[in-house]
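Please open the structure in your viewer and keep the selection panel at hand.

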Amino acid sequence: MVKELVVYPDDRIIMCGPVRSFKDPSLPKLLEDMKETMEAHNLNALSAIQVAHPFNIVVIKQKDGSYLELINPSIIQKEGRFESIETTSYYPGITFKIPRFEKIKVLFEDRNGNMKSMTIEDKELSATIQRKLDYLSGATPLYRLDQNQRDRVIQALKDKGVYRPEEVCPLFSKKDYITSFNSKLLFFMGLTLFAPLLKNYSPWIKNHIQSFWQFDKFAYILSWILMIVYFFYAQYEAKKYRQCTSCQIGNQIGVIGKHLLIATAIFLGALFFLKP
Amino acid sequence: MARVVVMGAGVSGHTAATFAKHWLGKEHEVVVVTPNSNWNWIPSNIWVGVGEMTKEDVVFPLAPVYEKAGIIYKQAKAVSIHPEGKEGSDKPFITIEYTGQGKEGQTEEVTYDYLINATGPKLNFDATPGLGNGQGQIGPYTVSVCTADHAVHANNELRKIFEKAKAGQKQKILIGTGHGMCTCQGAAFEYIFNIEFEARRAGVRDNLEIKWISNEQFLGDFGIGGLHIKRGGYAASSKIFAESLFVERGVDWIVGAAVKKVEEGKVHYELLDGSEGTEEFDFAMLIPPFSGVGLKAYDKAGEDITDKLFAPNGFMKVDANYTPKPYEEWKASDWPRTYQNPDYKNIFAVGIAFAPPHPISKPAKSPNGTPITPAPPRTGMPSGIIGKAVAHSVVDLIKHGPNAKLHEASMAEMGAACVASAGKSLTKGTAAALTVYPVVPDYDKYPGIGRDLDYTFGEIGLAGHWIKHILHYMFIYKAKLKPGWTLIPE
């Protein structure tokens, strides 16, 4: 039976696991379905995850027209590197340039669970197998690109009207509202530190020193609460994005540390200069 | 008064002994028998191995800590277990041979009510010809970071390599596993990237060829069959994660390899496809395989019952399902829950000392019959958790009688966090921080990859290094039983 191909941005591509039982009758059926799908779509290689079956299976159509079934494959030897120009049915119409090994030795099991190995010296076939194996490891060709190339491909996909929001690191995320608010809070806390210098020039400031101290106490506690909220919200938000430098926990801790350090410094200043 | 005897004072043994004493108080005795005078925070040995820490930074003397805690400390190695006692006495005991405290060579019988075996592994260097010296110690051609002393030696040898590289000589470094059945790939992984980092810092990277050799079937297996890291709707395998790091740092790799023989400057290996190869080196750190420490067991009549208590690899049998079965029939329920010996209910085994039912990674053999499969890791966080759970069980058995419910800590229901250093520097260091749940995949509960992706996390960066560095101080603080130590998690 010809299977439906999983095409970007369909997230059924996300992960697959090993074939554990070779006695399951659905295994030979799936292999035959994959071959029929390859024929129907004129494909020379297909991994099971590309037809939404989450198993470590790759089928390759060889030059003589015969099929090679690679179950639980892994590369145990490699040699040489070259830039491979590739296309894949998951990203229709997109061409990738990806560094691949020229020659590989693949260890795999056949449909009966017998372990075999094969040396691939054909560069094109070697690259094809590596691309299919990447799918088994949860990586589409996009994952093998550097940031610039990835951005270009995502832009091309957007131009075609398809993209996954999580592929793109947001320029502004909702968590930035929290830091923005906290920065303003810190700014006003900082302003209060000037009150002792100005109290001799303004009776209003002199009369409100106590209020400024109250404000600083409140703002300091609020700043801590905001940073705790920021941390948990940032963690929640980080799960949505695949590539996002500002989503990394190290950055979040850095941002929190910076804000709390400033808040504490100002609060200590207020304790020293403002507290009646 | 009951007496709990703990054999071994590594992560799991020290955790079990200190918590048992903490919960039992002065009413009961806790005895620790260990041949070592120092406690070693083993995860930081890799930093000793590159000269970023000294031996003194990663070890501390056990005697004063145990004295403060009220634990009886015997610097001795356990020789045999007599779970039924001996003629004229039903009291079970172990025999020990002192290695310190001024009693070197003296033997003694130590009776127990409860015995916790936390002897850890024997570093079985001699399993690979040339890796050992034929007398159970490391051989002359390679180095190791398994102990603090080994790591000091490794750093001394590494400095010589760096000196030669500074003088313009090309040098080759080979790091990985020294046998087809090794575990602890994580330590070798950390060491190779710390060497690479130090080489760059020393300005000698261009003269170093650095290569990885491992019994893993794919990069990033780590003895747990790899893991998937969910980010943004994708679940990339640790294989991709590891490959990216190796390529980025210019480190080449050989996987699926069983090192068969080590000679001066050369290793011979066999690959999973049965082909053989050699790899030359100027400096090699190859992790040895682990085996049990060779404890014997005897019944009341003095008959050898070692086979009854221990699996053939020398690790102690516990409440696991040891029935041999093919990979596709492995179950999460095969893994032990209470770590109690099935024949002698007052004996437990924790950490590396317990016999796992089977590996975690998919088993593989070369066509020549050489097994090339990572052994399952039982170190770090899981060993601490298991040590604490067993201590809890023993305490409950003592306080509430033999029907007390035992505490459980199955590796198939337990998550683990791992922080793998890839360079030590407060501003430029990196470490990979990974969490995995459960450690042993449960394919029934989590079809496909056997793990819960919502609890699996992975990231590499400077913050990871800070965490690793903080953990170093935190765990040593905890092991020294400083104020609040019980609050620090395993």
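Predicted model: local features only at pLDDT ≥ 70, side-chain atom pairs only at ≥ 80, totals over all residues.

**Stop one: chain A.** Select chain A and colour it by secondary structure, which comes to eight helices and five strands.

**Stop two: a helix in chain B.** Select residues 11-24 of chain B, which form helix α1. This helix has 14 residues and reaches 20 Å from its first C-alpha to its last, close to the 20 Å expected at 1.5 Å a residue. Is α1(B) buried or exposed? In α1(B), 12 of the 14 residues are buried, so the helix is largely enclosed by the rest of the structure; among them are Val11(B), His14(B), Phe19(B) and Leu24(B). Step on to Gly25(B), which follows α1(B) and has a positive phi, near 70°.

**Stop three: a sheet in chain B.** Select β14, β11, β10 and β18 of chain B, which in that order make an open sheet of four strands with parallel pairing. At the edges stand β14 (252-254) and β18 (283-287), each with a single partner strand, so one side of each is left without a neighbour in the sheet. From one strand to the next, the twist averages 15°. Then zoom in on β10 (residues 171-177) and β11 (residues 208-213) of chain B, which run parallel and are joined by six bridges. To see one such pair, pick Ile175(B), whose bridge partner in β11(B) is Trp212(B).

**Stop four: where the chains meet.** Show both chains together and look at the contact between them, in which 29 residues of chain B touch 30 residues of chain A. On the chain B side, at least two residues each come from β12 (228-231), β13 (234-237), α7 (238-248), β24 (457-461) and α10 (462-479). Which element of chain B gives the most to this side? That is β13(B), with four residues. Coloured by class, the side of chain B that touches chain A shows 14 nonpolar, nine polar and six charged residues.

Definitions and conventions:
Residues numbered from 1 in each chain as written. Chains lettered and ligands numbered in written order. Contact = placed C-beta atoms within 7 Å. Nonpolar A, V, L, I, M, F, W, Y, C, P; charged D, E, K, R; others polar. Expected span 1.5 Å × (residues − 1). Buried ≥ 20, exposed ≤ 12 C-beta atoms within 10 Å, placed from the backbone. Pairing = 2+ DSSP bridges. Axes fitted to C-alpha atoms, helices over the stretch in contact; angles between N-to-C directions.
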